[in-house]
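Trainee: I'd like to learn how to read strand pairing and surface charge in a model. Can we go through one together?

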Amino acid sequence: MSRIGKKPVKVAKGVKVEKDGNDIIVTGPKGSMRLYVNPVIKSQIKDDEIEFTRGSELKREKSLHGLYAILVKNMISGVTEGFSRKLELVGIGYRAEIKHNMLFLNLGFSHPIMFQAPEGIKIDVPTDTSILISGMDKQLVGQVAAKIRSFKKPEPYKGKGIKYEGEFIRRKAGKAAAK
């Protein structure tokens, strides 16, 4: 049995969880989120926790069992605290700024790169070389961070590019090391 799916998901104070057919709706201080749950996984809302059960021991049902438990847990923490990712720009002349609700990135190309954040995502630029992405949907926050990082991935020789905060860039020796 799924160890993650076996444990009931705790509902935080101030969060309202409802069931609408196969959908689970989580509402909290930051907003509301909806998740479709596959009919093979049954969910029950009891007091301040949600229990997920499955009908059989098929591998697909086992994986869905843990998946939906974690997705609902992420939704609950998303509507209460939210999620954020921080990106760092490394390189001379690399900067980020917000103009007219768009992110402008100078990454050494002949033109600045413009990026419009999707609905539900907030992008802040605390300093020229850091970008803070926040929102209540964990998957969307990670996807936006990955998209921004893809504009200029860190290269292995000097480490220039956009990297996640705390990410270790494995460096390579250049031509001088060959002699």
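Trainee: Which residue stands opposite Glu88 in strand 13?
Mentor: The general idea is that strands of a sheet pair through backbone hydrogen bonds, either parallel or antiparallel. Here Glu88 has Lys163 of strand 13 across from it. Strands are DSSP runs of E, at least two residues long, and helices are runs of H or I of at least four, numbered from the N terminus. Two strands pair if DSSP finds at least two bridges between them. This is a predicted model, where local features need pLDDT of at least 70 and side-chain atom pairs count only at pLDDT 80 or more, while totals for chains, interfaces and linings use all residues. Residues are numbered from 1 along each chain as its sequence is written, and side-chain values use heavy atoms, with hydrogens and water left out.

Trainee: In what order do the three strands of the open sheet run?
Mentor: The order is 1-6-5, with antiparallel pairing. Strand 1 (9-10) and strand 5 (41-46) are the edges, each pairing on one side only. Two bridges hold strand 1 to strand 6 (residues 49-54), and Lys10 is opposite Glu49 of strand 6.

Trainee: Which residues gather in the patch of positive charge?
Mentor: Patch members have over 30% relative accessible area (Shrake-Rupley, 1.4 Å probe, only the protein chains shown count as cover). They also lack a salt bridge, and like charges are joined within 9 Å. A salt bridge is a Lys or Arg side-chain nitrogen within 4 Å of an Asp or Glu carboxyl oxygen. On this surface the patch is Arg3, Lys6, Lys7 and Lys73. Lys6 belongs to helix 1 (residues 3-6).

Key. Patches are made of residues with over 30% relative accessible area and no salt bridge: like charges are joined within 9 Å, nonpolar side chains (Val, Leu, Ile, Met, Phe, Trp, Tyr) within 5 Å. Lys and Arg count as positive and Asp and Glu as negative; His and the chain ends are not counted. The place of a charge is taken as NZ of Lys, CZ of Arg, CG of Asp or CD of Glu.
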